[in-house]
Amino acid sequence: MVAPLRVGIAGLGTVGAEVVRLIESRASALASRCGRPVRVIAVTARTKAKKRSLDLRGIAWAKDPHQLAENPDVDCLVELIGGAGEPALSAIETALKAGKSVVTANKALIAKHGLRLAKAAEAHGATLNFEAAVGAAIPIVKTLREGLAGTSINRVYGILNGTCNYILTRMEKEGLSFDECLKDAQRLGYAEADPSFDVDGHDTAQKLAILSSLAFGTKVAENAIYVEGISSITPEDLRAASDLGYRVKLLGVAVRTAKGIEQRVHPTMVPKSSSIAQVMDVTNAVTVDGEGIPPMTLVGPGAGGAATASAVVADIADVARGVRVSPFGRPVEQLRATEKAPMERHEGGYYIRLMARDFPGTAAAIATRLAEQKISLESIVQRHPNGVDLARSGGKASQVPVILITYATHEDAVYRALKAVQRDKVISGRPQVIRIEKN
Ligand code: HSE
């Protein structure tokens, strides 16, 4: 009889409870897949007295995560407490230093302290697995770290935040405002306690920092990512995008360029025909663009108890099998530093929405300023708002939305052209600019 893998779980929230249940209900499948049984032998959570629909008989209760990490009977610590700092950080470190394996779903902790923890794992011959930290049930960490080890990756991008995708989907389908949809996302429990973490793009940035490191062998560096959220997107943008054959998604994009790895999070127009554009509501997706192979997209639930527990248990199964790889696919000392890419040098197509004065010469002025910056237009649409008629308004100039789609150009050229258009006083308000990502 092979010795079982003895698991200690810190955190018994939705995910922790589901992991305990899954290990119990899939005991025989896990034993047969791993060649040894997997057993939860100890747990800890903030409140022991809390009513849980879990049978914890025969499972020891540790007073805190540190006691669990130090328990000599625990082979594998599963950290499901969350938070970028204590007590998760030192509990994991304690376990790794004792040579125990660690499985965590904590994206904030891995984004901020992943390298330090990976170093500790390497130094003590321990395993550190974090599949659930990005895209929950989508096995993207393993795909990049192991499945694509033989492929040079050019670009990895995805919808990594369910809350933002839910908001954008409803705004597009129902013509609702950002604020209305955010309120619903909060009511349904999708958004984080502080929704700005989701909607301002930081949740996506933390996940992208992890994916970038796995894909390109760079150091995890959240501060090397350009981040822009979705709060400025309006239903008009989504309607215009749709009419022009695009959909707006909050994407995290990491791409190999001649100058290094460009990492960015921002609302992005993607062609409606692309795989990523089909991903709606809270679903997540990641597309990997590898050398010599067509892009592939993994789609699935990026949050929730069952989806996250599925990835956690898969990581535990790897520990039980004795699989140990460098947490970021390469030894930490071989990971390269990466700088924040200057967005003004970003090259791509742009969607621009302007409120233009409906007056002879306006279109010519806009076209001239774009031509001065050598920006070529793929399409231009002027939408006359219903009920506004220049002749009947006594010849007074009214405002009309003008939507431009450019061919690939540099971002600084776009902003130079728009500044000149503003100086010409042919538009009012701030232009809306959305980057386009083609597949
Ligand atoms: N708030 C996150 C989301 C949950 O909306 O996707 C998982 O990080």
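1. A polar contact here is a pair of N or O atoms within 3.5 Å. By that criterion, a polar side-chain atom of Asp 198 lies 2.8 Å from a nitrogen atom of the ligand, while a polar side-chain atom of Thr 163 is 2.6 Å from a ligand oxygen atom, and an N or O atom in the side chain of Lys 207 is 2.8 Å from an oxygen atom of the ligand. Taken alone the ligand exposes 260 Å² (Shrake-Rupley method, 1.4 Å probe), and the protein buries 86% of that.

2. As to the basis, this is a predicted model, in which local features need pLDDT of at least 70 and side-chain atom pairs count only at pLDDT 80 or more, whereas totals for chains, interfaces and linings use all residues. Residues are numbered from 1 along each chain as its sequence is written, and side-chain values use heavy atoms, with hydrogens and water left out.

3. The residues around the ligand (a heavy atom within 4 Å) include Lys 107, Tyr 190, Glu 192 and Asp 203. Helices α7 (162-174) and α10 (202-216) (DSSP runs of H or I, at least four residues) each supply at least two residues of this shell.

4. The second largest pocket holds about 560 Å³ of space and is lined by 26 residues, with Val 255, Thr 257, Glu 262, His 346 and Glu 347 nearest its centre. A pocket is an open set of points on a 1 Å grid over the protein atoms alone, where a 1.4 Å probe fits, with protein on both sides within 12 Å along at least five of seven lines; lining residues have an atom within 4 Å of a point. The volume is the space filled by probe spheres set on the points.

Definitions and conventions. A polar contact is a pair of N or O atoms within 3.5 Å; within protein, one must be able to donate a hydrogen and the other to accept it, and residues adjacent in sequence count only if both atoms are side-chain atoms.
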